[in-house]
Amino acid sequence: MTGRKPGMAWVDLSGAADGYFPEIQASVMLSPEAGAALLEGAPIGFEEARDVAEASVTASVPLGIEATLSIKTEHGQLSSPNVIGIVRGTDAELADEYVVFTAHLDHVGRGVEVDGDDIYNGMYDNALGAAIMIENARAIAASPPRRSVMFIALTAEERGLLGSDYFAHYPTVPTESIVANVNMDMPLFLFPVADLVAFGAEHSSLNAVVEAAATAEGFVLVPDPVPEEHLFRRSDQYSFVRKGIPAIYLDTSFGSTDPAIDGKAIVTEHLQKHYHQPSDDLSRPLHWDSVIRFTRANARMGWDIANNDARPTWNDGDFFGEMFAPTPQEGL
Ligand SMILES: [Zn+2]
C-alpha cells in the first residue's frame, strides 16, 4: 500500500529536510513488466539495469521514449521531541564521557482496523523496551558509575530512525565524548528465555562486557540466528554506529529454559501475526521473570561500560570501525 502514510524527514535549523535531493523531482515504482516495457528502446534492458543498480553504479541512458510524470505533494510540519535524562558520573575526569542508553518511544499510532481495534499499542515494540530503559535509569541513578550515563527516549524510530539520526547530527554533548550506545528495541519474552543475542558485540570490545552481564543473570549468549535480517542496521543503534560510536543492542533469542518449547515457532508466529498490529498489546504472553533478569543484564552491561578504565574500541580491521571511525583512537 504505497503512499498510505506520508514520508517524513527531520529538518535542520534552516528548515531544510534531511536527505532531500532537489535534483530528483519525481519518482515512480514500477513492476518488472512495466520496467521492461519502459526500457524497450533503451541501450540496456531491464535485467542489466537492475544489475547496475544493485552494484551501486550510476548509469544514465537515453530511454528512446518520452514520458511525463506529474506529482502533487503536500508538506506539513510537526515536532516530536527526544526525551533525555542524565546520571552524572562520579569520576572528575571520566564524568565528561557518556554511555548513551536508547529506546524508541514511538510506535505507528492508529491505523487500519483489525478485529474492531485500530489502536496500535506497540506493547513489545517498544513500550517494553522504553520501560526497561527507565528501570535501568533508576538502578544506575541509585549507584552511579564513573562515567556519566545518558538515557534517551527516542522519537520517530518507526519513520526511519529519525529521532536517533537527529540526535547523532545534533548531539547535546560532543560526539567524541560518547563512548558507547546501548539500544533496546522490542525484546520478546513470549516464553521463559534462556538465550540472548548481542547485536554489534562481535564488532568491538563490548563483547567481553556483554558476555559477563548475560552470564551473571543466567543467560547464554548465542550468535545471531537470523543474520540475513541485518537487525544491527535496522534500529536506532545504527545512527550512533554511523558516527563511529561502538554500539550494542541486546535482544532475546529462540532458546527457552523449557525444552518442550519451540521458541523459533513462537517468535515467528508473533512476527507474522502481531508485529505492527493492534494485537501487540498486554494480551500477549509476557514472561516476567525473564524480563527482570534481562533488565538487570542490560543495566549491568551499561554500568560496566561506564565504569571500566578504558572506553570501548572497534576491533582491529572491523568493517564498521573502518567505515565510520577511520581515525585511530590512540596517537599515530
Ligand atoms: Zn521498534
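How much space lies in the largest cavity? The largest cavity holds about 30 Å³ of space, and the structure has one cavity of 30 Å³ or more. The structure is a predicted model, in which local features need pLDDT of at least 70, side-chain atom pairs count only at pLDDT 80 or more, and totals for chains, interfaces and linings use all residues. Residues are numbered from 1 along each chain as its sequence is written, and side-chain values use heavy atoms, with hydrogens and water left out.

The protein chain has nine helices and nine strands (DSSP runs numbered from the N terminus, with helices being H or I of at least four residues and strands E of at least two). Its C-alpha atoms fill a box of roughly 70 × 55 × 40 Å along the principal axes. Of the 332 residues, 40% count as buried (under 20% relative accessible area, with exposed meaning over 50% and partly exposed in between, for a 1.4 Å probe and protein chains only). The chain exposes about 18,600 Å², of which carbon and sulfur atoms supply 54% (Shrake-Rupley method with a 1.4 Å probe; for residues, only the protein chains shown count as cover). Among contacts (heavy atoms within 4.5 Å) with a separation of 6 or more, 81% are accounted for by residues 24 or more positions apart.

Grid points are joined across faces, edges and corners, and a volume is the space filled by probe spheres set on the points. The lining of the largest cavity consists of Phe-167, Ala-168, Pro-171, Thr-175, Ile-178, Phe-240, Lys-243 and Ile-245. By class, this lining has six nonpolar, one polar and one charged residues (Ala, Val, Leu, Ile, Met, Phe, Trp, Tyr, Cys and Pro count as nonpolar, Asp, Glu, Lys and Arg as charged, and the others, Gly among them, as polar).

The second largest pocket has a volume of about 670 Å³. It is lined by 29 residues, and those closest to its centre are Met-186, Leu-231, Arg-234, Asp-251 and Leu-271. Strand S7 (195–199), strand S9 (247–252) and helix H7 (263–273) are the elements that give two or more residues to this lining; H7 gives the most, with four. The lining of the second largest pocket comprises 13 nonpolar, seven polar and nine charged residues.

Trp-10 is found in the segment before helix H1 (32–38) and is buried, with a relative accessible area of 10%. Leaving out residues up to four places away in sequence, Trp-10 touches Ala-16, Ala-17, Asp-18, Leu-162, Asp-165, Tyr-166, His-169 and Tyr-170. The side chains of Trp-10 and Asp-165 are joined by a polar contact of 2.9 Å (a pair of N or O atoms within 3.5 Å; within protein, one must be able to donate a hydrogen and the other to accept it, and residues adjacent in sequence count only if both atoms are side-chain atoms).

Glu-97 lies in the loop between strand S1 (83–87) and strand S2 (98–104). Its side chain makes a polar contact of 2.7 Å with that of Arg-147. Apart from neighbours within four places in sequence, the contacts of Glu-97 are Arg-147, Ser-148, Ser-177, Val-179 and Arg-311.

Pro-145 is located in the loop between helix H3 (123–142) and strand S5 (148–154) and is buried, with a relative accessible area of 1%. Residues touched by Pro-145, not counting those up to four places away in sequence, are Gly-89, Thr-90, Ile-140, Trp-303, Ala-306 and Asn-307. Thr-90 is 55 residues from Pro-145 along the chain, and their C-alpha atoms are separated by 6.1 Å.

Most residues other than glycine have a negative phi, and most peptide bonds are trans. The peptide bond from Asp-125 to Asn-126 is cis, with omega near 10°; Asn-126 has its place in helix H3. Ser-56, which is not a glycine, has a positive phi of about 55°; it lies in the loop between helix H2 (46–54) and S1 and is exposed, with a relative accessible area of 66%. Asp-115, also not a glycine, has a positive phi of about 50°. Asp-115 lies in the loop between strand S3 (110–114) and strand S4 (117–119) and is exposed, with a relative accessible area of 81%.

Technical notes: 1 Å grid on protein atoms, 1.4 Å probe; cavity = no way out; pocket = protein on both sides within 12 Å on 5 of 7 lines; lining within 4 Å.
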